[in-house]
Amino acid sequence: MTIASAKLVMDYKPANTRPACRNCFHGDEQIAERMPPYNTKTWRCKKGGFGTTAMAVCNQHQPVAKGGAQQ
């Protein structure tokens with residue numbers, strides 16, 4: 001069995017395709033307003049109104065289709 005076929009059998013999903021705030025319709029990537037050189041990207045949940053991380057997920061996750069549309 002090849003690695004590719006083993007992944008298919010397991011329904012393997014790499015981190016960038018799993019549900020998370022970074023690929024949610026409600027997720028909003030922002031630049032933190034900090035003094036340079038510490039400017040970093042942060043995430044905010046538009047639905048909940050709170051800060052989060054790119055890899056977080058909740059039961060309200062709604063995937064973003066290509067082009068930024070809600071699925």
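Modeller: Start with the elements: helices are DSSP runs of H or I with at least four residues, strands are runs of E with at least two, and both are numbered from the N terminus. The model is predicted, so local features need pLDDT of at least 70 and side-chain atom pairs pLDDT 80 or more, while totals for chains, interfaces and linings use all residues. Numbering starts from 1 along each chain as its sequence is written, and side-chain values use heavy atoms, without hydrogens and water.

Colleague: In what order do the elements of the protein chain run from the N terminus on?

Modeller: Count the elements, then read along. The protein chain has 1 helix and 3 strands. From the N terminus on, the order is α-β-β-β.

Colleague: Is Asp11 buried or exposed?

Modeller: Buried means under 20% relative accessible area, exposed means over 50%, and partly exposed lies in between (1.4 Å probe, protein chains only). Asp11 has a relative accessible area of 52%. Therefore Asp11 is exposed.

Colleague: Which side chain meets that of Asp11 in a salt bridge?

Modeller: Side chains of opposite charge can pair when their charged atoms come close. A salt bridge needs a side-chain nitrogen of Lys or Arg within 4 Å of a carboxyl oxygen of Asp or Glu. The whole structure holds 1 salt bridge. At 2.8 Å, N to O, the partner of Asp11 is Lys13.

Colleague: How many residues of α1 are buried?

Modeller: α1 has 8 residues and is hardly covered. Across the protein chain, 13% of the 71 residues count as buried. In α1 the count is 0.

Colleague: How many Å² does the nonpolar surface patch with Met1 cover?

Modeller: Areas come from the Shrake-Rupley method with a 1.4 Å probe; for residues, only the protein chains shown count as cover. Patch residues have over 30% relative accessible area and no salt bridge; like charges are joined within 9 Å, and nonpolar side chains (Val, Leu, Ile, Met, Phe, Trp, Tyr) within 5 Å. Met1 lies in the segment before α1 and is exposed at 81% relative accessibility. With Val9, Met10 and Tyr12, Met1 makes a patch of about 560 Å².

Colleague: Which side chain makes a polar contact with that of His61?

Modeller: A polar contact is a pair of N or O atoms within 3.5 Å; within protein, one must be able to donate a hydrogen and the other to accept it, and residues adjacent in sequence count only if both atoms are side-chain atoms. His61 lies in the segment after β3 (50-52). Its side chain reaches the backbone oxygen of Ala20 at 3.2 Å. The side-chain partner, at 3.0 Å, is Asn23.

Colleague: How many disulfides does the structure hold?

Modeller: A disulfide is a pair of cysteine sulfur atoms within 2.5 Å. The sulfur of Cys21 is 6.3 Å from the closest cysteine sulfur, in Cys24, so it is too far for a bond. Cys58 is in no disulfide either, with the nearest cysteine sulfur, that of Cys45, 6.0 Å away. The number of disulfides is 0.

Colleague: What relative accessibility does His26 have?

Modeller: His26 lies in the loop between α1 and β1. Contact means heavy atoms within 4.5 Å. Beyond four places in sequence, His26 touches Arg44, Cys45, Lys46, Lys47, Gln60 and Gln62. His26 counts as buried because its relative accessibility is 13%.

Colleague: What distance separates the C-alpha atoms of Asp28 and Gly51?

Modeller: Asp28 is in strand β1. Leaving aside neighbours within four places in sequence, it contacts Thr42, Trp43, Arg44 and Lys46. Its side chain also makes a polar contact of 3.3 Å with that of Gln30. Gly51 is 23 residues from Asp28 along the chain, and their C-alpha atoms are separated by 9.3 Å.
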